Amino acid sequence: MSIVVNKRSVDFIIDESVDRLLKRMNYTFPMVIVKVDGTLVTRSRFSSHLIKDGSNIDVIHLTSGG
Amino acid sequence: MEKIEVSRKLEGSFVGIAGAGGLGSNIAMALARAGVGHLLIVDFDRVEASNLNRQYFFLDQVGDLKVEALKKNILRAVDGCDVDMINGKLVKGSMADPFRDVDVVVEALDDASTKVSFIEEVLLGLPGKPIVAASGVAGIGGSERIRQRRYDDLYLVEDPKALSSEEDVLLCPKVGQFAHHQANIVLELLVGGSE
(Lines give C-alpha, C1' and ligand atoms only; values in the text may rest on other atoms or scores of the structure.)
Protein backbone atom coordinates (compact mmCIF):
# COMPACT_ATOMS: atom_id res chain seq x y z
CA MET A 1 0.00 0.00 0.00
CA SER A 2 1.81 3.10 -1.23
CA ILE A 3 1.43 6.33 -3.15
CA VAL A 4 3.91 8.33 -5.22
CA VAL A 5 4.53 11.98 -4.33
CA ASN A 6 6.81 13.96 -6.64
CA LYS A 7 8.24 10.67 -7.93
CA ARG A 8 8.99 9.41 -4.37
CA SER A 9 7.19 6.34 -3.08
CA VAL A 10 5.65 6.88 0.36
CA ASP A 11 3.24 4.91 2.57
CA PHE A 12 -0.46 5.09 1.85
CA ILE A 13 -2.45 6.28 4.87
CA ILE A 14 -6.17 5.61 4.93
CA ASP A 15 -8.46 8.69 4.90
CA GLU A 16 -5.57 11.09 4.40
CA SER A 17 -6.53 14.45 2.88
CA VAL A 18 -4.29 16.49 0.59
CA ASP A 19 -3.45 19.02 3.32
CA ARG A 20 -2.54 16.25 5.78
CA LEU A 21 -0.33 14.62 3.14
CA LEU A 22 1.44 17.95 2.51
CA LYS A 23 2.07 18.28 6.25
CA ARG A 24 3.38 14.69 6.47
CA MET A 25 5.75 15.36 3.55
CA ASN A 26 6.98 18.52 5.34
CA TYR A 27 5.90 20.60 2.33
CA THR A 28 5.53 23.77 4.34
CA PHE A 29 5.42 26.23 1.42
CA PRO A 30 1.85 27.40 1.04
CA MET A 31 1.70 28.16 -2.70
CA VAL A 32 1.32 24.89 -4.54
CA ILE A 33 -0.57 23.36 -7.44
CA VAL A 34 -1.58 19.77 -6.62
CA LYS A 35 -2.39 17.16 -9.25
CA VAL A 36 -3.62 13.71 -8.28
CA ASP A 37 -3.33 11.20 -11.14
CA GLY A 38 -3.13 14.15 -13.53
CA THR A 39 -6.27 15.85 -12.21
CA LEU A 40 -6.06 19.24 -10.52
CA VAL A 41 -7.15 19.42 -6.89
CA THR A 42 -7.72 23.11 -6.12
CA ARG A 43 -6.61 24.65 -2.83
CA SER A 44 -10.23 24.93 -1.72
CA ARG A 45 -10.46 21.11 -1.75
CA PHE A 46 -7.18 20.30 0.05
CA SER A 47 -8.95 19.43 3.31
CA SER A 48 -11.79 17.41 1.77
CA HIS A 49 -10.04 15.49 -1.04
CA LEU A 50 -8.90 12.08 0.25
CA ILE A 51 -5.94 10.32 -1.37
CA LYS A 52 -6.58 6.83 -2.74
CA ASP A 53 -4.10 3.96 -2.54
CA GLY A 54 -1.76 3.86 -5.53
CA SER A 55 -2.25 7.54 -6.42
CA ASN A 56 0.43 9.49 -8.25
CA ILE A 57 0.65 13.00 -6.83
CA ASP A 58 2.49 16.07 -8.16
CA VAL A 59 3.02 18.96 -5.80
CA ILE A 60 4.20 21.97 -7.79
CA HIS A 61 5.61 24.86 -5.79
CA LEU A 62 5.27 28.44 -7.08
CA THR A 63 7.61 31.17 -5.80
CA SER A 64 6.91 34.90 -6.05
CA GLY A 65 8.68 36.97 -8.69
CA GLY A 66 7.96 38.02 -12.23
CA MET B 1 10.37 22.30 -40.96
CA GLU B 2 10.78 24.80 -43.79
CA LYS B 3 11.58 28.31 -42.55
CA ILE B 4 8.68 29.74 -44.55
CA GLU B 5 6.31 27.28 -42.90
CA VAL B 6 7.54 28.32 -39.43
CA SER B 7 6.86 31.98 -40.27
CA ARG B 8 3.42 31.16 -41.64
CA LYS B 9 2.45 29.16 -38.56
CA LEU B 10 3.69 31.85 -36.17
CA GLU B 11 1.94 34.57 -38.13
CA GLY B 12 -1.33 32.69 -37.68
CA SER B 13 -0.81 32.14 -33.94
CA PHE B 14 -2.49 33.86 -31.00
CA VAL B 15 -0.74 33.95 -27.61
CA GLY B 16 -2.17 35.37 -24.37
CA ILE B 17 0.11 36.76 -21.67
CA ALA B 18 -1.07 37.42 -18.11
CA GLY B 19 1.16 40.17 -16.75
CA ALA B 20 3.36 42.79 -18.42
CA GLY B 21 6.14 43.01 -15.86
CA GLY B 22 9.60 41.46 -15.91
CA LEU B 23 8.42 38.22 -17.46
CA GLY B 24 5.49 39.44 -19.56
CA SER B 25 7.15 42.46 -21.20
CA ASN B 26 10.17 40.41 -22.25
CA ILE B 27 8.06 37.43 -23.37
CA ALA B 28 5.84 39.70 -25.48
CA MET B 29 8.83 41.34 -27.18
CA ALA B 30 10.46 37.95 -27.82
CA LEU B 31 7.30 36.45 -29.33
CA ALA B 32 6.61 39.56 -31.45
CA ARG B 33 10.18 39.55 -32.78
CA ALA B 34 9.92 35.81 -33.48
CA GLY B 35 6.90 36.52 -35.68
CA VAL B 36 3.87 35.58 -33.60
CA GLY B 37 1.03 37.35 -35.38
CA HIS B 38 -1.39 38.05 -32.56
CA LEU B 39 -0.79 38.81 -28.88
CA LEU B 40 -3.14 39.53 -26.00
CA ILE B 41 -1.52 41.15 -22.96
CA VAL B 42 -3.34 41.74 -19.66
CA ASP B 43 -1.97 44.02 -16.92
CA PHE B 44 -3.30 46.74 -14.60
CA ASP B 45 -0.08 48.48 -13.61
CA ARG B 46 1.87 51.59 -14.58
CA VAL B 47 5.59 51.70 -15.39
CA GLU B 48 7.74 52.65 -12.38
CA ALA B 49 11.39 53.71 -12.38
CA SER B 50 12.20 50.64 -10.26
CA ASN B 51 10.92 48.37 -13.09
CA LEU B 52 13.58 49.44 -15.56
CA ASN B 53 16.22 47.05 -14.20
CA ARG B 54 14.39 44.17 -15.85
CA GLN B 55 11.25 45.20 -17.73
CA TYR B 56 11.04 46.18 -21.40
CA PHE B 57 10.21 49.84 -20.87
CA PHE B 58 12.13 53.10 -21.15
CA LEU B 59 12.83 56.11 -18.91
CA ASP B 60 10.36 58.34 -20.74
CA GLN B 61 7.59 55.76 -20.13
CA VAL B 62 7.64 55.99 -16.33
CA GLY B 63 4.05 56.67 -15.26
CA ASP B 64 2.51 55.24 -18.44
CA LEU B 65 0.16 52.25 -18.42
CA LYS B 66 2.26 49.14 -18.98
CA VAL B 67 -0.06 47.69 -21.62
CA GLU B 68 0.04 50.90 -23.67
CA ALA B 69 3.80 51.39 -23.30
CA LEU B 70 4.46 47.76 -24.22
CA LYS B 71 2.26 47.92 -27.30
CA LYS B 72 4.18 51.01 -28.47
CA ASN B 73 7.52 49.27 -27.89
CA ILE B 74 6.41 46.16 -29.77
CA LEU B 75 5.21 48.22 -32.73
CA ARG B 76 8.50 50.13 -32.77
CA ALA B 77 10.36 46.81 -33.06
CA VAL B 78 8.25 44.81 -35.49
CA ASP B 79 5.77 45.23 -38.25
CA GLY B 80 2.55 43.27 -38.52
CA CYS B 81 2.01 42.04 -34.98
CA ASP B 82 -1.60 42.47 -33.91
CA VAL B 83 -1.43 43.50 -30.23
CA ASP B 84 -4.57 43.39 -28.08
CA MET B 85 -4.32 44.90 -24.61
CA ILE B 86 -6.50 44.70 -21.55
CA ASN B 87 -5.73 47.28 -18.88
CA GLY B 88 -7.26 45.63 -15.87
CA LYS B 89 -6.77 43.27 -12.99
CA LEU B 90 -7.48 39.56 -13.33
CA VAL B 91 -10.25 38.87 -10.85
CA LYS B 92 -10.56 35.55 -9.04
CA GLY B 93 -13.31 33.45 -10.56
CA SER B 94 -12.91 34.91 -14.06
CA MET B 95 -9.12 34.93 -14.50
CA ALA B 96 -9.18 32.54 -17.47
CA ASP B 97 -11.96 34.36 -19.35
CA PRO B 98 -9.83 36.75 -21.48
CA PHE B 99 -7.75 33.79 -22.73
CA ARG B 100 -10.55 31.65 -24.16
CA ASP B 101 -9.49 32.10 -27.80
CA VAL B 102 -5.68 32.02 -27.56
CA ASP B 103 -3.56 29.06 -28.69
CA VAL B 104 -1.24 29.20 -25.67
CA VAL B 105 -1.56 30.96 -22.30
CA VAL B 106 1.50 32.42 -20.58
CA GLU B 107 1.59 32.99 -16.82
CA ALA B 108 3.80 36.04 -16.26
CA LEU B 109 2.49 37.21 -12.90
CA ASP B 110 4.46 38.27 -9.83
CA ASP B 111 2.82 37.09 -6.64
CA ALA B 112 2.88 33.34 -5.87
CA SER B 113 -0.71 33.29 -4.67
CA THR B 114 -1.92 34.98 -7.88
CA LYS B 115 0.18 32.56 -9.95
CA VAL B 116 -1.47 29.56 -8.24
CA SER B 117 -4.99 30.98 -8.64
CA PHE B 118 -4.40 31.81 -12.30
CA ILE B 119 -2.91 28.41 -13.16
CA GLU B 120 -5.75 26.62 -11.32
CA GLU B 121 -8.41 28.64 -13.17
CA VAL B 122 -6.81 28.09 -16.59
CA LEU B 123 -6.39 24.33 -16.02
CA LEU B 124 -10.00 24.05 -14.82
CA GLY B 125 -11.68 26.57 -17.10
CA LEU B 126 -9.79 25.98 -20.35
CA PRO B 127 -9.13 22.23 -20.45
CA GLY B 128 -6.64 21.21 -23.14
CA LYS B 129 -5.20 24.73 -23.42
CA PRO B 130 -1.43 24.75 -22.80
CA ILE B 131 -0.20 27.15 -20.10
CA VAL B 132 3.46 28.09 -19.67
CA ALA B 133 4.38 29.29 -16.17
CA ALA B 134 7.50 30.35 -14.25
CA SER B 135 8.68 30.02 -10.66
CA GLY B 136 11.87 31.16 -8.95
CA VAL B 137 12.98 34.08 -11.13
CA ALA B 138 14.63 36.09 -8.34
CA GLY B 139 18.37 36.08 -7.73
CA ILE B 140 21.76 36.08 -9.46
CA GLY B 141 23.51 33.11 -11.04
CA GLY B 142 22.43 29.50 -10.45
CA SER B 143 21.55 29.04 -14.13
CA GLU B 144 22.42 25.33 -13.89
CA ARG B 145 19.38 24.86 -11.65
CA ILE B 146 16.88 26.22 -14.16
CA ARG B 147 14.80 23.41 -15.63
CA GLN B 148 11.54 22.87 -17.39
CA ARG B 149 8.86 20.45 -16.29
CA ARG B 150 5.66 19.32 -17.90
CA TYR B 151 2.50 18.29 -16.04
CA ASP B 152 0.01 17.53 -18.84
CA ASP B 153 -1.12 20.98 -20.09
CA LEU B 154 1.03 22.86 -17.57
CA TYR B 155 4.61 23.68 -18.61
CA LEU B 156 6.75 25.12 -15.83
CA VAL B 157 10.14 26.82 -15.99
CA GLU B 158 11.61 26.77 -12.50
CA ASP B 159 14.57 27.29 -10.25
CA PRO B 160 13.54 25.14 -7.31
CA LYS B 161 16.17 26.67 -5.00
CA ALA B 162 15.43 30.34 -5.71
CA LEU B 163 14.20 32.63 -2.96
CA SER B 164 11.06 34.68 -3.44
CA SER B 165 11.16 38.23 -4.78
CA GLU B 166 10.54 39.51 -1.23
CA GLU B 167 13.84 37.94 -0.18
CA ASP B 168 16.07 38.35 -3.24
CA VAL B 169 16.69 40.72 -6.15
CA LEU B 170 14.80 40.72 -9.43
CA LEU B 171 17.23 41.61 -12.22
CA CYS B 172 17.14 41.56 -15.99
CA PRO B 173 19.52 38.64 -16.67
CA LYS B 174 17.69 35.93 -14.71
CA VAL B 175 14.19 37.31 -15.25
CA GLY B 176 15.03 37.62 -18.97
CA GLN B 177 16.36 34.06 -19.02
CA PHE B 178 13.07 32.78 -17.67
CA ALA B 179 11.05 35.00 -20.00
CA HIS B 180 12.92 33.74 -23.06
CA HIS B 181 12.74 30.15 -21.81
CA GLN B 182 8.96 30.51 -21.53
CA ALA B 183 8.79 32.15 -24.98
CA ASN B 184 10.82 29.31 -26.47
CA ILE B 185 8.38 26.74 -25.04
CA VAL B 186 5.52 28.76 -26.54
CA LEU B 187 7.16 28.59 -29.98
CA GLU B 188 7.66 24.85 -29.58
CA LEU B 189 3.98 24.44 -28.75
CA LEU B 190 2.98 26.54 -31.75
CA VAL B 191 5.19 25.07 -34.46
CA GLY B 192 6.93 22.03 -32.94
CA GLY B 193 10.56 21.84 -31.88
CA SER B 194 13.72 21.53 -33.95
CA GLU B 195 15.28 18.10 -34.05
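The following legends describe close-up views of a predicted model.

**View 1. The overall build of chain A.** Chain A contains 1 helix and 5 strands, arranged along the sequence as β-β-α-β-β-β. Helices (H or I, at least four residues) and strands (E, at least two) are DSSP runs, numbered from the N terminus. The C-alpha atoms of chain A occupy a box of roughly 40 × 25 × 20 Å along the principal axes.

View 2. Of its 66 residues, 48% are buried; buried means under 20% relative accessible area, exposed over 50%, and partly exposed in between (1.4 Å probe, protein chains only). Among contacts (heavy atoms within 4.5 Å) with a separation of 6 or more, 54% join residues 24 or more positions apart.

**View 3. A β-α-β unit in chain B.** Strand β2 (residues 38-43), helix α3 (residues 66-77) and strand β3 (residues 82-87) of chain B form a right-handed β-α-β unit. Right-handed means that, with the strands pointing away from the viewer, the path from the first strand over the helix to the second runs clockwise. The two strands of chain B pair in the parallel sense over 6 bridges, pairing being assigned if DSSP finds at least two bridges between strands. B:I41 has B:M85 in β3(B) as its bridge partner.

**View 4. Two cysteines of chain B.** B:C81 counts as buried because its relative accessibility is 9%, whereas B:C172, at 35%, counts as partly exposed. The structure holds 0 disulfides over all chains, a disulfide being a pair of cysteine sulfur atoms within 2.5 Å.

**Conventions.** Residues are numbered from 1 along each chain as its sequence is written, and chains are lettered from A in the order in which they are written. Local features need pLDDT of at least 70, and side-chain values use heavy atoms, leaving out hydrogens and water.

Note on methods
This is a predicted model: local features need pLDDT of at least 70, side-chain atom pairs count only at pLDDT 80 or more; totals for chains, interfaces and linings use all residues.
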